[in-house]
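Please keep the sequence and the structure in view while reading.

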Amino acid sequence: ICYSLPILLLGEALLMKKGSTLFLKFVICLIAIAVLIWLIWFPQLEGRAANLDLISIYTDPLIIYTYIGSIPFFVGLYQAFRLLGYVDGNKVFSQSSVNAVRNIKYCAIIFSGFIVLGLLYIRLLVRGDDSAGVTALGIFTTFASAVIATAAAVFQRLLQSAVDIKSENDLTV
């Protein structure tokens, strides 16, 4: 019985880890689906789209720019999904997971750049619309994306040093 207790605790920890990563993967999928639905549905609700047909709504340059700008967001979600797969496979301290975190950082930076450029376009070139709400939402989203990029940079540095230490230890053994 004394020997089986650590094995049971280890098995329970592995199940808990699998359960938590499965939950996080589910959350990532829900976020992706919700954002995709929002990207498809929102242009039809926009005030300028009241008298337009569907083709005219989705060929608006700002809507197309939004779709192009959302690509780094979805790539970042995919990289987070892959990182959770590495956690499931006990490959957290590998170069693949460092690359995934680095890609998340780059995606967050690129996404912030798209938001800032979109805000500049709206503030400087679009006249007649009240852009305060859009600007506030853009500033909030840019700030959140910058926080994610900063956290990913810190995690990348820590993970890279752990991978380096692990590879040194593997060479000495």
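## The end of helix α4

Helix α4 is followed by N90, a residue whose phi is positive, near 55°. The model shown here is predicted.

The helix itself covers residues 71–88, which is 18 residues. From its first C-alpha to its last it reaches 26 Å, close to the 26 Å expected at 1.5 Å a residue. Several residues of α4 are buried, among them P72, G76, L77 and Q79. L84, Y86 and D88 are also buried in this helix.

Which residue forms a salt bridge with D88? The partner is K25, and the closest N and O atoms of the pair are 3.2 Å apart. The pair links distant parts of the chain, since D88 lies in helix α4 and K25 in helix α1, 63 residues apart. A search of the whole structure finds one salt bridge.

Are the two partners buried or exposed? D88 has a relative accessibility of 17% and therefore counts as buried, the cut-off being under 20%. K25 is likewise buried, because its relative accessibility is 17%.

The residues I33, I37, W38, W41, F42 and L45 make a nonpolar surface patch of about 630 Å². One of these residues, W41, is placed in helix α1, which spans residues 4–45. W41 has a relative accessible area of 45%, so this residue is classed as partly exposed.

An α-helix has 3.6 residues a turn, so residues three or four places apart point the same way.

## Cysteines

How many disulfides does the structure hold? The number is zero. C29 counts as partly exposed because its relative accessibility is 36%. C107, with a relative accessible area of 11%, is buried.

## The chain as a whole

The secondary structure of the protein chain comes to six helices and zero strands. Read from the N terminus on, the order of elements is α-α-α-α-α-α. The chain has 173 residues, and buried residues make up 26% of them.

The accessible surface of the chain comes to about 11900 Å², and 75% of this surface belongs to carbon and sulfur atoms. Among contacts between residues at least 6 apart in sequence, 72% join residues at least 24 apart.

Terms used: Residues numbered from 1 in each chain as written. Predicted model: local features only at pLDDT ≥ 70, side-chain atom pairs only at ≥ 80, totals over all residues. Heavy atoms only, no water. Patch = residues over 30% accessible without salt bridge, like charges linked within 9 Å, V, L, I, M, F, W, Y side chains within 5 Å. Areas by Shrake-Rupley, 256 points an atom, 1.4 Å probe, with all protein chains shown as cover. Salt bridge = Lys/Arg side-chain N within 4 Å of Asp/Glu carboxyl O. Helix = DSSP H or I, 4+ residues; strand = E, 2+ residues; numbered from the N terminus. Buried < 20%, exposed > 50% of the residue type's maximum accessible area, 1.4 Å probe, protein only. Expected span 1.5 Å × (residues − 1). Disulfide = S-S within 2.5 Å. Contact = heavy atoms within 4.5 Å.
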